[in-house]
Amino acid sequence: MVRQGSCRDATPHTPYSTRRDKRRVKRQREGHIHITVWRERKTLRREMGENTQDGTPGSWFKITIPYGRKYDKTWLMNSIQSHCSVPFTPVDFHYVKNQARFFVQDAGTASALKDVSYKIWDEKNRKISIFVNPSTVPYSVRYKLEPEEMEQLKLTINKRYDVSQQALDLQSLRFDPDLVGHDIDMILNRRNCMAATLQIIEENHPELLSLNLSNNKLYGLDGLSDIIQMVPTVRILNLSKNELNLVWELNKMKGLDLEELWLEGNPLCDTFPDQPTYISAIKDCFPKLLRLDGQELSPPVITDTDTPCLIKPCKESYKGSDALKSLVLQFLQQYYLIYDSGDRRGLLDAYHEEACFSLAIPSSPEDPALSSLCEYFKESRNMKKPKEPSLCVQPLKHTKHNIVGSLCVLPKTQHDLSSFLVDMWFQTEKVLCFSVNGVFKEVEGKSQGSVRAFTRTFIATPASNSSLCIVNDELFVRDATPTETQSAFSNQEPTLTPSSVPTLSQEQQKMVHAFSTQSGMKLEWSQKCLQDNEWNYTRAGQVFTMLKNEGKIPEEAFKQIT
Amino acid sequence: MGDKPIWEQIGSSFIQHYYQLFDNDRTQLGAIYIDASCLTWEGQQFQGKAAIVEKLSSLPVQKIQHSITAQDHQPTPDSCIISMVVGQLKADEDPIMGFHQMFLLKNINDAWVCTNDMFRLALHNFG
């Protein structure tokens, strides 16, 4: 029997109701927000008036980048910002199918962003288009937490923060007794909750190192990815026991330099046939990762140094494999680059927390202060009165901060790397001992121009990014003899920048010019590249292309385009 | 002596002992090395107590005398001691030469032995 007339029930005619239901169901499956449930809990007040981040009414716009999914978020946003005439703050950045989307407030900003369309080229030389449409208030703004809730959340977060480890434990945050007691539902999968949490971390613990988000039913990482801009110091991330089912989600976190990651207990872990494949997939995402799910990973293989720097090869005399040899040479280049730069604080990264350093100079039998090397004792207020006049040893400096503090006070120097004689005299996989003999010049102060000779011994352990971590450092400095002074710095040019070097054959000169034309690099840099690759033109070209793609070649290497 | 850190005490006693042995009768130096010791002498490497003593004994000098200009000691994280010595030596009738030597000392069965020894002549005299 067909019903007549009585279909006028409370719900309006909704020919599309089936589809809407499907959509709602789909949202549930993906863990998307259940807006209807939310509305029941909160007052209507939220929908009126407070539609903006600062409480004033405003209009919102949705910005869409088709195919935005394939770009690295940081690159994309930086590119857009650099082409945009107005600074903007993206809200609720997320991906929908192939698109990247975010919201901005205010018509002027939206219009400026529209102008950026077709102005950015991706690496395949395709133009990126940007679509702008008016939109309703974005989710995290519409449902942002009340000030009292933010205050309570802040207290809870502070309680869960471990100062000594710079670690924040937000496991099962939803069930925190304090939050539950105050009727605050922190469902971190919801954009507004995640945004509030990140905001509090950014304001109160901006140096955060370790973040534990285990057991928070996270289905996606769009919300968390904002942390890359807000709290980039995070190195340890625990995402175990969540609902991440695609490794692609992790790509959103690539902007973090993670050392340690926990993923076990996520559906994505079960999608791999075996452990090595799983590890390999994760490492593709985070090449510098050291530990996954509590397991140490083999050290990452990072190719090449950051900038090509031209120095004459040091004289070496040691038994050691080529890899060790270049490790030590590279370390010395980097170390002395910073040491001579005028600000030695960069050396903090080279030393172990508990390293030791000592400095000795020979002193004349008379008052040590008369010695021209007295500058080297300037910062030692409690210098031991030497028992024997020829011995002058400072108290040992312990911990990297004391050491670098001590180094910063020593006279400014310029080392002659071509004078270095390096002895590697002990090596195991964990420890490397080597000594460097060489000369340097003092470049300022009352001893300006004096050439000194030094012997420096390092004990170091291999560090995470294929460099060395100094554990012991002993330095001995003396005046250089006249012969040493004469032969030092004989090639006049500073040794750590590209400079033209001994004469090249006709053939080589032609290669340099050709390479320079093809690569766009200046002649000296082209020459350096060819030299480094033993004048194998093809190989040099490959290395150049690889470095260029990794962005490792400094701008100054390239010829100015007139 | 009590105010000096322990590694300095050990290091300087060792240095004193070493050069005394070296200058008087270097064939006795075997006592301070072990079979795992390694000597790097002017860039050449010698491994093991026997090889080291052989190298040192066979140096073409009859009379040798060391004088220490500076010495420096540091503890290492694995409880070893690294000692650096800079000084001058006179061999037979040759002119005085500067030298530089490093020792890595380890405590084995309550005695401090040298596990690594690195020696280099300084090519020029000290001022």
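Analyst: Tyr219(A) counts as partly exposed, because its relative accessibility is 28%, and partly exposed lies between under 20% for buried and over 50% for exposed. The model is a predicted one.

User: Where does Tyr219(A) sit in chain A?

Analyst: Tyr219(A) is in a loop. That loop runs between β9 (210-212) and α9 (227-230) of chain A.

User: And how far is Tyr219(A) from Leu188(A), in sequence and in space?

Analyst: They are 31 residues apart in sequence. In space, C-alpha to C-alpha, the distance is 9.7 Å.

User: New topic. How many residues does the contact take from chain B and from chain A?

Analyst: Chain B gives 29 residues and chain A gives 35 residues.

User: What area do chain B and chain A bury between them?

Analyst: About 2,700 Å². Carbon and sulfur atoms carry 60% of that.

User: Which elements of chain B give two or more residues to the side that touches chain A?

Analyst: One helix, α1 (6-25), is on the list. The strands are β3 (64-75), β4 (81-91), β5 (97-108) and β6 (111-122).

User: Which gives the most?

Analyst: β3(B), with eight residues.

User: What is that side of chain B like by class?

Analyst: It has 12 nonpolar, 13 polar and four charged residues.

Conventions: Residues numbered from 1 in each chain as written. Chains lettered and ligands numbered in written order. Predicted model: local features only at pLDDT ≥ 70, side-chain atom pairs only at ≥ 80, totals over all residues. Heavy atoms only, no water. Contact = heavy atoms within 4.5 Å. Buried area = accessible area lost by both parts, 1.4 Å probe. Helix = DSSP H or I, 4+ residues; strand = E, 2+ residues; numbered from the N terminus. Nonpolar A, V, L, I, M, F, W, Y, C, P; charged D, E, K, R; others polar. Buried < 20%, exposed > 50% of the residue type's maximum accessible area, 1.4 Å probe, protein only.
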